[in-house]
Amino acid sequence: MPTTRNFQELHDRVTVRPGAAERLAALRHDTLREIGLYELRRSLKVSQSELAVSLEVTQSAISQLERAEDLKVSTLSNYLECLGARLELVAVFNDDEDRVVPIRISRSTVVH
């Protein structure tokens, strides 16, 4: 039968190893690069209901938005704004990932 361990005990064993802080920081960075809307909202401790009130939509609309595979840029921008963030949209070229170009959505706004 497997034994269970206290999370704090495992955490302490991992973090005392040489280089652990750097490895964990890199993993955290990689995870945040791939985070979905649901995970982002949850990490900020905001409920779907709270966000729905801010966006003046229903809680079920937030649920649908978080599962959507194709969002309007304006919808995503509003969602992020209610979480205290801004959307930055850039084009990254396959042949030269250092070539990053901010995308202009309207005449007065550049979203990078």
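What follows is a set of questions and answers on how terms apply to this structure.

Visitor: What kind of model is this, and how are residues numbered?
Guide: This is a predicted model, in which local features need pLDDT of at least 70 and side-chain atom pairs count only at pLDDT 80 or more, while totals for chains, interfaces and linings use all residues. Residues are numbered from 1 along each chain as its sequence is written, and side-chain values use heavy atoms, with hydrogens and water left out.

Visitor: What makes the contact of Arg41 with Glu66 a salt bridge?
Guide: A salt bridge is a side-chain nitrogen of Lys or Arg within 4 Å of a carboxyl oxygen of Asp or Glu. The closest N and O atoms of Arg41 and Glu66 are 2.5 Å apart, so the pair meets that definition. It links distant parts of the chain, with Arg41 in helix α3 (residues 37–43) and Glu66 in helix α5, 25 residues apart. Helices here are DSSP runs of H or I with at least four residues, strands are runs of E with at least two, and both are numbered from the N terminus.

Visitor: Why is Glu66 called buried?
Guide: Buried means under 20% relative accessible area, exposed over 50%, and partly exposed in between (1.4 Å probe, protein chains only). Glu66 has 13% relative accessibility, so it counts as buried. Arg41 is buried as well, because its relative accessible area is 3%.

Visitor: Which residues does Glu66 contact, leaving aside its neighbours within four places in sequence?
Guide: They are Leu37, Tyr38, Arg41, Gln48 and Tyr79; contact means heavy atoms within 4.5 Å.

Visitor: How many salt bridges does a search of the whole structure find?
Guide: It finds three. One of them joins Glu88 and Arg86, with the closest N and O atoms 2.7 Å apart. Glu88 is partly exposed because its relative accessible area is 43%, while Arg86, at 65%, counts as exposed. Another is between Arg99 and Asp95, at 3.5 Å from N to O.

Visitor: How do you know that the charged end of Arg99 sits over the ring of Phe93?
Guide: A charge sits over a ring if NZ of Lys or CZ of Arg is within 6 Å of the ring centre and within 35 degrees of the ring normal. The charged end of Arg99 is 3.7 Å from the centre of the Phe93 ring, and sits over it. Arg99 is partly exposed, because its relative accessible area is 37%.

Visitor: What makes β1 and β2 a pair?
Guide: Two strands pair if DSSP finds at least two bridges between them. Strand β1 (residues 90–93) and strand β2 (residues 96–104) have four bridges, in the antiparallel sense. Val92 stands opposite Val100 in β2, and a hairpin joins β1 to β2 through two residues.

Visitor: Where is Lys45, and what is noted about its phi?
Guide: Lys45 is in the loop between α3 and α4 (48–55). Its phi is positive, about 60°, although it is not a glycine. Most residues other than glycine have a negative phi. Lys45 is exposed, because its relative accessible area is 73%.

Visitor: Where is Glu56, and is it buried or exposed?
Guide: Glu56 is in the loop between α4 and α5. At 72% relative accessibility, Glu56 counts as exposed. Glu56 also has a positive phi of about 60° although it is not a glycine.
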